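Me: I'd like to go through the labels on this model one by one. Can you set each value against its cut-off?

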Amino acid sequence: MEAEPGLDRSAAEWARHWRHAELPGLDLLQARYVRHTFPRHAHEGYVIAAVTGGIEDVGTPDGRVRAGPGSVVLINPEVPHSARAGGPEGWAYATLYPSARVVGEVAADLAGPRGTAGFGETAAHDPGLSRLVLGVHRAAEEGDGLAADSVLRVLVARLLRRYGTSLPQAGPRTAGARDALRARALLEERMTEPPTLEALAAELTTSPFALLRAFKKQYGLPPHAWLTDARVRRARRLLDAGVTPADAAVRVGFADQPHLNRHFTRIVGVPPGAYRRERAPAGTRPSAD
């Protein structure tokens with residue numbers, strides 16, 4: 001894959017997070033990380049990554065996995081996970097973030113198991129599918145939306161055939177799960193001025209510790225970490241719409257732009273200014289973070 005202008009891939013760390021104009025249901029990330037670590041977070045869509053160098057160490061609710069060159073890493077929607085280098089040399093990878101709609105369309109065409117399709121493996125050594133991930137990136141970089149979309153759908157179909165499963169359906173909610181759901185709704189509603197854990201628990205007529213335990217069980221993150229992740233997600237949508245990083249920081253409840261920069265970079269992998277530049281139409285890209 002050719003380097004983007006201004007992107008020094010000989011540097012210790014580099015990253016590009018972008019979207020092809022003709023592929024609205026897909027985000028792409030190419031990166032090499034050494035010191036960078038992704039805190040536990042989740043995505044609304046799927047993660048399909050091909051490791052091209054070094055070792056990626058991925059933490060999931062089921063434990064840690066290590067993926068090297070030729071491996072694909074697969075994360076289902078809303079599954080909390082973390083990532084870090086598995087060795088001193090860091091790791092390099094090409095990642096696809098297809099939306100639930102894209103994966104759902106392919107799954108429907110395959111007429112596989114009923115319910116929401118997902119992946120039953122977190123990591124698999126599969127050089128052939130790893131090359132398809134790189135093929136999507138290559139086609140997108142060359143501006144060939146037809147080829148990128150075609151290869152993406154072939155890739156998803158083969159992944160589902162080899163590693164596909166039906167994601168668990170939500171069962172009857174316990175009292176704790178209902179409290180966690182209500183707490184999440186309140187945090188989303190009051191994102192810029194969130195209540196303390198004690199105030200939140202009092203409003204839900206439960207105890208702070210019981211709410212903390214129920215929330216973490218339901219969403220894989222304590223409320224404060226979930227809120228940070230939710231703020232970054234909302235900031236991404238604002239940046240996609242052309243809002244400046246400084247304005248987005250205020251709108252989602254961060255203290256200032258540096259506060260947004262820190263958390264956004266840790267979770268997304270690139271600073272908000274670089275993310276926004278890649279979203280802008282050609283010829284209109286902002287020049288500064």
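Me: Why are α4 and α7 called oblique to each other?

Reply: The axes of helix α4 (residues 175-189) and helix α7 (residues 223-240) come within 10 Å and cross at roughly 45 degrees. Axes here are lines fitted to C-alpha atoms, for helices over the stretch in contact, with angles from 0 to 180 degrees between N-to-C directions. Under 35 degrees counts as roughly parallel, over 145 as roughly antiparallel, 65 to 115 as roughly perpendicular and the rest as oblique, so α4 and α7 are oblique. Keep in mind that this is a predicted model: local features need pLDDT of at least 70, side-chain atom pairs count only at pLDDT 80 or more, and totals for chains, interfaces and linings use all residues. Residues are numbered from 1 along each chain as its sequence is written, and side-chain values use heavy atoms, with hydrogens and water left out.

Me: Which residues in α4 and α7 meet?

Reply: With contact meaning heavy atoms within 4.5 Å, R184, L187 and E188 in α4 meet P223, W226, L227 and R234 in α7. They divide into four nonpolar, no polar and three charged.

Me: What makes β3 and β6 edge strands?

Reply: Four strands form an open antiparallel sheet, ordered β3-β8-β5-β6. Strands pair if DSSP finds at least two bridges between them. β3 (38-41) and β6 (63-67) each have a single partner strand, so one side of each lacks a neighbour in the sheet.

Me: How do you know that β3 and β8 pair?

Reply: β3 and β8 (residues 81-85) share two bridges in the antiparallel sense, which meets the cut-off of at least two. In β8, A83 is the bridge partner of F38.

Terms used:
Nonpolar A, V, L, I, M, F, W, Y, C, P; charged D, E, K, R; others polar.
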